[in-house]
Amino acid sequence: MLPSGATLTFQQGTRYTWAAPSTDARALQSPDQSQRRGATWTDNVDLQLRLDFASAYSGSIHFYAVDWDALNRREDFTIDDGSGPRTAKVTTSYVNGVWVHFPVNVPAGGSIQIDVTATGGLNGVLSGIFLGGSGPPLPPPPPGPPTLTATGAASAVSLSWTAASSSSPVTNYKVYRGTTPAT
């Protein structure tokens, strides 16, 4: 979602888009709101992009990232709009998505350098870049955790849960035994 005269240059990393539309509330919605699609830019160390502006731009830049794989990723977002680098650190889980916002002021012919640096987990990821206003329409908040009941016996444990109420459909839960995830 870029204004006229703004161009995005991909400098380092790879891009991955899931082939099929998604019903996952974490996936970004297309501008015409007809579908959601999961996509990400990624790099093992330092994802780099640059936004160039033909006309001056003053406002906000918004970044959206999702740790789709629940790999305990952590990352730093650094931007430089010509006034020096600024960094926001994501130090907690963003498996349900995270938004990072910066005010920017770019002269005509100027640019914004964007670096997403992996600081934990497998790699750094970025799922969307938006300019303007108070931000793009946000995905609905993720559902809360289920209510879990565990009953133990000498040789077994029985687990049951009740889903939290939510406007987003719950399609699965991740259950962990030790540190090995399973769905």
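**View 1. Salt bridges across the whole structure.** A search of the whole structure finds 5 salt bridges, a salt bridge being a side-chain nitrogen of Lys or Arg within 4 Å of a carboxyl oxygen of Asp or Glu. Residues are numbered from 1 along each chain as its sequence is written, and side-chain values use heavy atoms, with hydrogens and water left out. Because the model is predicted, local features need pLDDT of at least 70 and side-chain atom pairs count only at pLDDT 80 or more, whereas totals for chains, interfaces and linings use all residues.

**View 2. The salt bridge between Asp 52 and Arg 50.** The closest N and O atoms of this pair lie 3.0 Å apart. Asp 52 is partly exposed at a relative accessible area of 21%, and Arg 50 is likewise partly exposed, at 26%; here buried means under 20% relative accessible area, exposed over 50%, and partly exposed in between (1.4 Å probe, protein chains only).

**View 3. The salt bridge between Asp 81 and Arg 86.** The side chains of Asp 81 and Arg 86 meet at 3.1 Å, N to O. Asp 81 counts as buried, with 6% relative accessibility, while Arg 86 is partly exposed at 27%.

View 4. Arg 73 counts as buried at 3% relative accessibility, whereas Asp 69 is partly exposed, with a relative accessible area of 42%.
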